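Here are a few notes to go with the model, written for someone opening it for the first time. Have a look at the fold, then work through the points below.

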Amino acid sequence: MAAEWLKIGEERPEEIIDKASTLLRRGKIVILPTETVYGLAADRDNPQTIRRLYEIKKRPLNKPFTLHIADAKSFYYLASPQEPYVYRLIEKFWPGPLTLIVEGKEGKKIGMRNPNFPLTRQIIRRSGVWVVMPSANLSGEAPAKEAEEVFSVFGNKVDLVVTAGHSLKGISSTIVDISAGNKIIRRGIIAAAVEKEVKKRRVLFVCSGNTCRSVIAEYLLREYLNKRRPQLKDKVEVISAGVFAIDNMPASSLAIEVLKREGIDAALHRSRRLSPLLIKGSDLIIVMEEKHKDIVASLDKDIHLRLFHINYFLKEKIDIYDPLGGGLEAYEEVYSLIKKAVENIGKKL
């Protein structure tokens with residue numbers, strides 16, 4: 001009996017999500033689109049379904065399937081703690097065509113991908129099960145990018161086919177085995193960008209609103225690296241964030257002014273709120289006040305060795321207080337202290 005066929009754009013999204021997620025919960029196999037190729041989705045924890053999946057793909061039993069997850073929270077839940085660059089890969093390439101193989105909390109390798117296809121992510125989330133989704137092709141053959149190709153091979157072997165309504169890229173995701181020293185198992189379409197990111201380090205400055213102090217520190221350190229340590233310019237990423245920030249706010253006009261005197265243009269800066277992912281993805285986190293340190297530590301208990309108060313680099317036990325509302329003189333004082341600290345930070349990188 002041929003599988004039911006639901007086409008995105010012709011059926012109501014809610015109907016597709018409800019039907020596909022329900023079938024997954026019931027142990028059925030559903031073909032779903034991703035941004036790259038079609039996949040055969042199934043409940044990882046249903047032995048009968050997984051056995052059936054191996055059979056219809058003609059896949060060797062010693063080749064495990066990759067989990068497809070709805071968001072990065074699932075990665076945190078399943079994976080053991082990782083080095084900062086792994087979280088940067090998640091931040092920069094998820095959702096997207098990147099599969100990460102890491103050591104799971106249970107001590108076994110686990111592969112995970114967060115596909116850049118919103119409806120498929122919604123189906124995974126709604127299903128309430130751990131969804132594996134190998135490419136919809138027979139083992140050893142090229143992955144399918146057309147729904148008709150998938151249907152011709154698996155139409156009588158699966159329970160539902162959700163079609164994208166257009167051709168997919170047809171190029172499989174990049175697979176990186178983090179647990180084996182960042183070995184690229186399959187290059188896919190973003191391998192070069194991944195290789196470049198793995199070699200970087202990140203410095204994160206943190207203040208309250210990310211419109212003055214952390215902005216000044218970020219732009220001063222970038223300038224220091226450009227002029228004094230150009231060999232690190234492409235190897236060290238410098239960013240900033242605020243524990244209470246409202247996203248996409250411009251820098252303070254006075255912060256822009258004091259930086260401009262140094263020949264630095266921060267007019268395009270836009271604020272960002274501090275997140276657990278930014279924290280996890282940073283090799284060095286530098287805060288302006290003790291209260292910021294407490295907040296950062298409360299968001300991630302594993303980062304104490306990477307978390308510093310800026311006074312560590314000043315050799316003075318002081319907070320750098322918010323100059324907002326204090327006028328130009330307050331900004332100049334803050335600028336002077338941060339510049340001194342940044343020069344010491346730059347020497348240590």
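**Notes on strands, loops and a helix pair**

1. Let's start in the sheet: histidine 68 stands opposite arginine 113 in β6. The strands β4 and β6 pair in the parallel sense, over two bridges; a pair here needs at least two DSSP bridges between the strands. Helices (H or I, at least four residues) and strands (E, at least two) are DSSP runs, numbered from the N terminus.

2. A word on the source: this is a predicted model, where local features need pLDDT of at least 70 and side-chain atom pairs count only at pLDDT 80 or more, while totals for chains, interfaces and linings use all residues. Residues are numbered from 1 along each chain as its sequence is written, and side-chain values use heavy atoms, with hydrogens and water left out.

3. On β5, strand β6 pairs in the antiparallel sense over five bridges. Valine 102 has isoleucine 110 in β6 as its bridge partner. The hairpin of β5 and β6 has five residues between the strands, and glycine 107 in it takes a positive phi near 90 degrees.

4. How many residues of strand β6 are buried? Four of the five in 109-113 are, so the strand is mostly covered (buried means under 20% relative accessible area, exposed over 50%, partly exposed in between, with a 1.4 Å probe and protein chains only).

5. Two loop residues deserve a look. Lysine 58, in the loop between α2 (47-57) and β4 (67-68), has a positive phi near 55 degrees without being a glycine. Lysine 58 is exposed, at 61% relative accessible area. Asparagine 210, in the loop between β11 (201-207) and α8 (213-228), also isn't a glycine and has a positive phi of about 60 degrees, but asparagine 210 counts as buried at 0% relative accessibility.

6. Proline 95 sits in the loop between α4 (84-93) and β5 (98-103).

7. Last, a helix pair. α8 and α9 (residues 253-260) pack at about 25 degrees, with axes 10 Å apart (axes are lines fitted to C-alpha atoms, for helices over the stretch in contact, and angles run from 0 to 180 degrees between N-to-C directions). That makes α8 roughly parallel to α9, a label for angles under 35 degrees. The contact (heavy atoms within 4.5 Å) involves Val215, Ile216, Tyr219 and Leu220 of α8 with Ala255, Val258 and Leu259 of α9.

Terms used: Angles under 35 degrees count as roughly parallel, over 145 as roughly antiparallel, 65 to 115 as roughly perpendicular and the rest as oblique.
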